[in-house]
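Let's walk through this chain together, backbone first. Have the viewer open and follow along.

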Amino acid sequence: MTDDRHLLLEIDELKTHYHTPQGIVKAVEGASLTVREGQAVGIVGESGCGKSVMLRSILRIVPKPGQIASGKIRFRRKTGEMVDLTGMDANGRPIRDIRGGEIAMIFQEPMSSLSPVHTIGDQIMEAIQLHKKVPAAQARKMAIDILAKVAMPRPEQIIDQYPYEISGGMRQRAMIAMALSCEPRLLIADEPTTALDVTTQAQILALMRKLQAEFGMAILFVTHDLGVVAQMTEYVVVMYMGQVVEAASVDDIFFAPKHPYTHALLHSIPRLGQRTTGQRLEPIRGTVPDPFARPSGCPFHTRCNFNDGRRCISEVPVLREVGPNHQARCHYAETLALAGVGAPTEQVPA
Amino acid sequence: MLNYAIRRSGQMLVTVFVISVIAFVVIQLPPGDFVNSYLATLSGGNIVTQDAIIALRSQFGLDENIVVQYWRWFTNLLQGNMGISFQYQRTVLDLLGERLPLTLAITIPTAIFVYLVAIPIGIYSAVRQYSPTDYLLSFVGFIFLAIPNFLIAIIAIYIGYRYFGGSVGGLFSPEYELAPWSLGKVLNMLQNMSLAILIIGTGGVAATMRVMRGMLLDELSQAYVETARAKGLSEWRLIMKYPVRVAVSPVLSTIGFVLPALISGTEITATVLNIPTTGPLLLNAVRSQDMFLAASIIFVLSILTVIGTFISDLLLVWADPRIKL
């Protein structure tokens, strides 16, 4: 199965490290993935697996003392030119044109991600005027338009309100409006619905799907909610301890996982009807290892049910093709015959 | 906003009235009165009869009930008459009229100096946390925070005298002291005043800069800063627009205290520097139980505090819309 869409983003063996007084934390340790134009890619993993740091590496906004140690992040600009984002000055003109203008980001906490002392309109118009040379009056009009597009009620009034005056769901809509205001070609969403209640979450997800189709942009969707992944994405990347351990289409990930970690993740979430069939929830045993003391060999061997005690402990597996458009980082990916889970049938209407 | 200002003004009147009571009572609290301390200063040879003491008391109106005394003082105050200083034998208004303009001429520039210097330094220190410059600024800041201003004044006087052969302190250098007003004299006064401002302001700069640094450090790691960064704003522009705007609120709220602190908190420094502000006057008045003078100065300072707080409240409302009017 080949994809003929243009490559939009290609992360190649990215390593982002934090130099702390206690030692080096390898937050991202050789992660690779690709996003094609208009593609919705999900990134899944436990807290601390390096998802967020990887996203921030793309925009070059990794908080100190984090640093990109090696690797390449290639991005196709509007002009069609392929640029390496890791080579750019983090506060320089080119990356700032891309930030917000071509790659926009939505954050997890709609409560704290908007400035409490500036109006919604001020913050959206700022983004517009930063990337499009338009006078203030026109920027205001564009801001109202984009607020209307994200189904914000009464956009003409909301624009002059402060974030504390509106609800969490509306704040996240404002956040999305801000991100979309400059028509980015890649939208990075870092757990955009984690902080919202379930009904609001469903609304926001539906909105994002609709807008993705409308704007034709690619989405890099980070979450630890597999249900959200099933609804929102076509391709899934599973991360563990700063590495991509499996990458496949959403169907392959759910029906035919090849990596024990993906398998364990899938079986650790509750499903309807599980109790009547006598199945129990299987948590992943152990905890994520101390980032200062990465396990030898395969980083997952300390928690893996299929640890062979020899090769898994001594030899670092590489990410390799294990099927059509399916990659996994496990020595035994082909031979384990891991069981998938039932189809995540529930779909949010677009 | 206007409504708020009017409502606050009403509250301010009540506050000022309460303060006037407290100021008057506090001055009365120490045992004895002006006549006692006046007699104590007389040389031992004089014999003062009991009759003379009673006569003095009634002359100054000290023999009456404290409520009556207060009421007379307060009603006079409302008519702009602050009473008479026993010690100087002049009206309090006269004395204050001499000192207050100079006090304000030193205090207000000092306050401006404090904020203009401390806020940028605090911002720089926070943004470049743990850089050599931050360490240096913090180190110097702590030193100035620890050294009392009057000690700095003494050191400045010493250095000025020892190495520059000039006199530090006073409003004028000796050669201008008695000279008629001229351009040279004005320049000389400004020069001496700027030194006083520098010395009086150091403590405030050191403290405010620490507050600004601490507040900004809290804000710099907030999510909304990252949002602004992800928008493509340049680093300094986003820092000035977002976290600084939030972090400056607590600094603004200190303006109310800075005004009176600069006026009354600097008696010792002003005494050392020999600058005729209200500070030394108040110190003296309290020591000699010159009650109308002392109460009036405290009253005026309190009004300045109330005004300062009012200004800082208005600034806070401007800086942070979450503060409800």
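Where is A:Glu191 found? Keep in mind that this is a predicted model. A:Glu191 sits in the loop of chain A between strand S7 (186–190) and helix H7 (198–215). Its backbone is worth a look: phi is near 45 degrees, a positive value in a residue other than glycine. A:Glu191 counts as buried because 20 other C-beta atoms lie within 10 Å, and the cut-off for that class is 20 or more.

A:Arg60 is not a glycine either, yet has a positive phi of about 60 degrees. You will find A:Arg60 in the loop between H1 and S4 of chain A. With 21 other C-beta atoms within 10 Å, A:Arg60 is therefore buried.

Stay in that loop, which runs from helix H1 (51–59) to S4 of chain A and also holds A:Pro65. The peptide bond joining A:Lys64 and A:Pro65 is cis, with omega about 0 degrees.

From here, step into the strands. Strand S4 (residues 66–76) of chain A runs antiparallel to strand S1 (residues 7–20) of chain A, and eight bridges join them.

The hairpin of S4(A) and S5(A) has five residues between the strands, and in it A:Gly80 takes a positive phi near 95 degrees.

Key:
Residues numbered from 1 in each chain as written. Chains lettered and ligands numbered in written order. Predicted model: local features only at pLDDT ≥ 70, side-chain atom pairs only at ≥ 80, totals over all residues. Pairing = 2+ DSSP bridges. Helix = DSSP H or I, 4+ residues; strand = E, 2+ residues; numbered from the N terminus. Buried ≥ 20, exposed ≤ 12 C-beta atoms within 10 Å, placed from the backbone.
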